[in-house]
Structure formats: C-alpha cells, structure tokens
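This report goes through a protein model from its overall make-up to a few individual residues.

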Amino acid sequence: RIRTMLESNLETLVAEKEKEKFAVPVERCEEVSATPTAKTVSNELKVEEKKKRWKSIQSFAWDQDGYNGKNLYIYVTLKGVGDVKEHVSCDFTKDSLDLQVENLKGVDYRLFKKPLCHEIDAGKSKFRVKQNKVVITLRKVEGKYGYDHWADLVEKKKLQSSLNKKKDDPTAGIMDMMKQMYDEGDDQMKKTIGEAMLKSRQERLNNPDTGFEM
C-alpha cells in the first residue's frame, strides 16, 4: 500500500514538473502583450512622418502625340535626378500616377495626379530617368473611335461631380476635394488644411448640434 502511494505521488510530481516546463510566467505574458503595442505606436509615427516628408512637384510640362496618338508625355525637371535613379519610382493605376523621387540632395519629391482626364493603360505606362529630367509616358486607352485627345491632365469635371455626388451629405464632395489638395499640395498647403480640419473639430465639439464633420 505504501509503495502504491509513493508511485502515485511520484506520477503527480512528474506531471506538475511537465506543466511547469511549458508554462509562461504571468510577468512574461504581460511583457509580450505590451511589446506589440509599443511597436504599433512606433510604426504609426513612422507612417505619419513619411507622409509629411514629401515636397510636392508643382512645375512640370506635358504633351501628347498628334491626332489619334496613343501616348501622353509628362516632363519633370529635377537637376541631378539621374544620380539617384535607383530611388525613383512611378506607380500607375487606371486613373492616377504617383511619381516619387527619394533623397535627391536630401529632399524627397512627389508628383501625384488623380483623377486623370481619361483612363490609362497602367501596364503599358512607363517612365524614364535622365540626368536632369524624368519623362513619364502614359499609354491612353483606345476607345471606339480611337484614342481620345486630352484637353487637360486632370479631369476637372470629375472633381466637380464629387462635390455633388451625395446631396444628402453636403460635406462629402468637399472632403474628397480637400483630400486631393492635401495629397498634391506642398508642406504649407498641408499645414493650412490640417489647421482648418482641427478648427472644424473644435467647433463641432463646442456645438454638437451643427452635425458638421470633417
């Protein structure tokens, strides 16, 4: 009987030791759970910092092929850009282009245009970096009667229609327009828009019955 009790206690002790081997201390669990939160905050700060770093490219020229031509060309002059061609990228969608030039003499430049006057073939659009210039080639989408002639680079009618797209929400179109202005604007423009949005939030908090949100 004594031998049976000893064997039973020994089995219990072994089982408890096995549990302790794989158990995670409470303090360790709290430390692990807190770490992702700190990383998340850090990542959010990095993203916000990245948004603020771009200097908007305001000066550029554009042209297109003659009648029924299939290409449109954008010329961006940046002195010495050829020296950092590995840091130049341009992303295309059917209605936008996003040129980014990183660390050109310590400055990050960006040219973002959306919505374009007409849809483009993103897969066939491209860019080329020269010593002091970036040339972007947009491939037009062929329509029923050939390739459209672009009257402007950005479709102003689309911007206007966005102001009226939700009659029951008079601020929706304005917010879309402000978002585009923020994406394309320089640091001063972004600062002005940010201050206006902050002022609007404060007014809404002071007078919640207005129903106006930004």
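## Basis of the values

This is a predicted model, in which local features need pLDDT of at least 70 and side-chain atom pairs count only at pLDDT 80 or more, while totals for chains, interfaces and linings use all residues. Residues are numbered from 1 along each chain as its sequence is written, and side-chain values use heavy atoms, with hydrogens and water left out.

## Overall make-up

The protein has 5 helices and 10 strands; helices (H or I, at least four residues) and strands (E, at least two) are DSSP runs, numbered from the N terminus. Of its 214 residues, 28% are buried, that is, under 20% relative accessible area with a 1.4 Å probe, counting protein chains only. The accessible surface is about 15400 Å², and carbon and sulfur atoms account for 53% of that; the areas come from the Shrake-Rupley method with a 1.4 Å probe.

A contact means heavy atoms within 4.5 Å. Of the contacts between residues at least 6 apart in sequence, 57% join residues at least 24 apart.

## The nonpolar core

A nonpolar core is a set of buried Ala, Val, Leu, Ile, Met, Phe, Trp, Tyr and Cys residues joined through side-chain atoms within 4.5 Å. The largest one has 25 residues, of which Ile74, Leu99, Val101, Ile136 and Leu138 touch the most other members. Strands S3 (71-77), S4 (88-93), S5, S6 (107-113) and S8 each supply at least two residues, and S5 gives the most, with 4.

Beyond four places in sequence, the residues that Val101 touches include Trp54, Leu78, Val81, Val84 and Asp108.

## The S7-S8 hairpin

Strands S7 (residues 126-129) and S8 (residues 133-139) pair in the antiparallel sense over 4 bridges; pairing requires that DSSP finds at least two bridges between two strands. The two strands form a hairpin with 3 residues between them. Within this pair, Lys126 stands opposite Thr137.

## Two buried polar residues

Gln100 lies in strand S5 (residues 96-104) and is buried, at 17% relative accessible area. Its side chain makes a polar contact of 3.2 Å with that of Asp98; such a contact is a pair of N or O atoms within 3.5 Å, one able to donate a hydrogen and the other to accept it, and residues adjacent in sequence count only if both atoms are side-chain atoms.

Asp108, in strand S6, counts as buried because its relative accessibility is 14%. A polar atom of the Asp108 side chain lies 2.5 Å from the backbone nitrogen of Asn103. Outside four places in sequence, the contacts of Asp108 include Arg53, Trp54, Lys55 and Val101.

Note on methods
Buried < 20%, exposed > 50% of the residue type's maximum accessible area, 1.4 Å probe, protein only.
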